Amino acid sequence: MDSRIEKDSMGEVIVPAGALYGAQTQRALNNFAIGGQPMPKAFIETLLLIKAAAARANSQLGVLANDCGKVISEAALSLRQDKALMQHFPVDVFQTGSGTSSNMNANEVLARLASESLGRPVSANDEVNLGQSSNDVIPSCIQVASASLLTKSLLPALMHLKSCIRTKAASVKGVVKTGRTHLMDAMPVRLSQSLETWASQLDARELQLQSQLISLWQLPQGGTAVGTGVNAAPGFPQAFCRELNLLTGLAFQPAPNLFTGIASQDAAVALSGELKALAVTLMKIANDLRWMNSGPLAGLGEIRLPALQPGSSIMPGKVNPVIPEAVAMACAQVIGNDACITVAGQSGNFELNVMLPVIADNLLSSTALLTNAMMALADKAIDGFEVCEGRMAKELSRNPILVTALNPIVGYGKAADIAKRAYAEGRPILDVALEMTDIDAEELARLLDPIRLTGQT
């Protein structure tokens with residue numbers, strides 16, 4: 001009573017009565033109980049966009065009845081807005097390497113909805129999948145979803161983080177702190193210089209990510225099974241991209257070589273590499289924040305991050321740098337995702353890569369993780385941290401490494417003796433230098449002025 005019989009080219013299959021999908025999706029559910037993890041929602045939403053664009057293109061080219069193309073497109077676009085969308089797309093990430101099961105899942109769902117609208121059977125293969133193959137649909141889906149998330153989510157989040165950092169840098173331009181190399185005291189820097197370093201790193205990451213769009217715009221859709229375009233109408237790649245661009249507002253175009261995007265996943269591998277580089281940059285920023293916030297008594301204590309939640313279930317009053325920690329974990333996951341994508345990317349045998357679903361899952365996961373991490377880092381850590389200027393000034397005044405400024409006058413050896421004595425006696429470098437050199441107090445104060453040593457005029 002709770003099931004129905006569906007048929008495909010292999011025979012009959014029992015399917016839940018209320019399911020929109022059909023036999024091939026059910027076979028996938030029976031075969032791939034591996035990860036218990038469906039394809040990402042962003043992937044499914046993009047897959048439906050591709051089906052809508054393909055139906056419209058085929059109608060324009062006269063190979064699909066206008067009424068059929070219209071209801072397929074309308075069903076795909078309407079389904080994207082369904083809050084229960086994912087219940088119709090349960091196929092595991094760890095499925096057939098071409099993603100055929102996910103492609104047929106979409107074909108079957110749309111065929112059923114279109115059939116109900118038209119009052120006649122609509123074929124999942126012959127009409128919804130007309131002029132398409134899983135082998136060009138799934139690679140195109142990866143590129144379209146990645147480009148969309150990159151342009152509409154990740155790059156805006158990156159720019160927001162940069163803006164937040166630069167706003168904070170401008171507000172602390174006059175604050176000088178002890179610089180550190182090897183985690184040891186070094187020459188002074190302005191806090192703003194440290195922050196601008198982060199922003200400059202992000203500038204480079206943004207430029208490299210923007211460059212990845214050149215490859216992502218070029219879709220293999222229309223290559224069908226192996227890149228030759230068999231069973232696709234003449235002009236389908238161009239018509240498809242026009243329709244997709246109307247739906248997305250982006251700038252996709254047919255790849256100059258349709259074979260390439262089917263046989264390889266080089267574009268996904270390259271994008272993943274840049275996402276990994278961004279993760280490395282964000283982890284450096286997160287760790288710098290953690291170190292500067294450390295203490296508050298026994299650590300550096302240079303800044304106070306916003307207190308967002310109790311930091312211990314046993315130590316009252318303890319507050320931890322939770323946002324930088326969460327960001328660092330997200331970055332570690334992205335680095336791991338990149339390793340998976342690298343292995344998957346080399347699994348292109350002859351005319352087809354056969355690890356497409358796991359590439360899609362990891363690539364879209366990395367993009368979403370970094371987008372959310374950057375927003376949290378900006379809004380819940382950098383924007384609200386307070387500067388402990390008194391603590392910075394006190395430690396800076398006791399920093400013997402300031403003696404480096406005297407090297408041209410007294411020589412490295414003499415300067416080293418001054419620093420060692422200052423360390424040993426725990427005295428300000430200015431006082432010790434006054435005793436061990438012939439330089440007068442006013443000139444020493446000028447030479448050892450931390451502001452001057454940071455290059456600030």
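## Reading a helix pair and a cavity

Guide: In this predicted model, the axes of helix H10 (residues 266-293) and helix H12 (residues 356-382) come within 10 Å, crossing at roughly 25°.

Visitor: Okay, so why is H10 roughly parallel to H12?

Guide: Angles under 35 degrees count as roughly parallel. The H10 and H12 axes cross at roughly 25°, which means H10 runs roughly parallel to H12.

Visitor: And which hand does the crossing have as H10 passes H12?

Guide: H10 passes H12 in a left-handed crossing. On the H10 side, the contact is made by Ala268, Leu271, Ser272, Leu275, Leu278, Ala279, Leu282, Ile285 and Leu289. H12 brings Ile359, Leu363, Ser366, Thr367, Leu370, Met374, Leu377, Ala381 and Ile382.

Visitor: Which residues line the largest cavity?

Guide: Leu305, Pro306, Leu308, Asn320, Pro321, Val322, Ile323, Pro324, Lys380 and Ala381 do. Helix H11 (322-345) and H12 are the elements giving two or more residues to that lining, and H11 gives the most, with three. Ala381 of H12 also belongs to the contact with H10.

Visitor: What classes make up the lining of the largest cavity?

Guide: Eight nonpolar, one polar and one charged.

How values were computed
Residues numbered from 1 in each chain as written. Predicted model: local features only at pLDDT ≥ 70, side-chain atom pairs only at ≥ 80, totals over all residues. Heavy atoms only, no water. Axes fitted to C-alpha atoms, helices over the stretch in contact; angles between N-to-C directions. Helix = DSSP H or I, 4+ residues; strand = E, 2+ residues; numbered from the N terminus. Parallel < 35°, antiparallel > 145°, perpendicular 65-115°, else oblique. Left-handed = near helix turned anticlockwise from the far one by under 90°. Contact = heavy atoms within 4.5 Å. 1 Å grid on protein atoms, 1.4 Å probe; cavity = no way out; pocket = protein on both sides within 12 Å on 5 of 7 lines; lining within 4 Å. Nonpolar A, V, L, I, M, F, W, Y, C, P; charged D, E, K, R; others polar.
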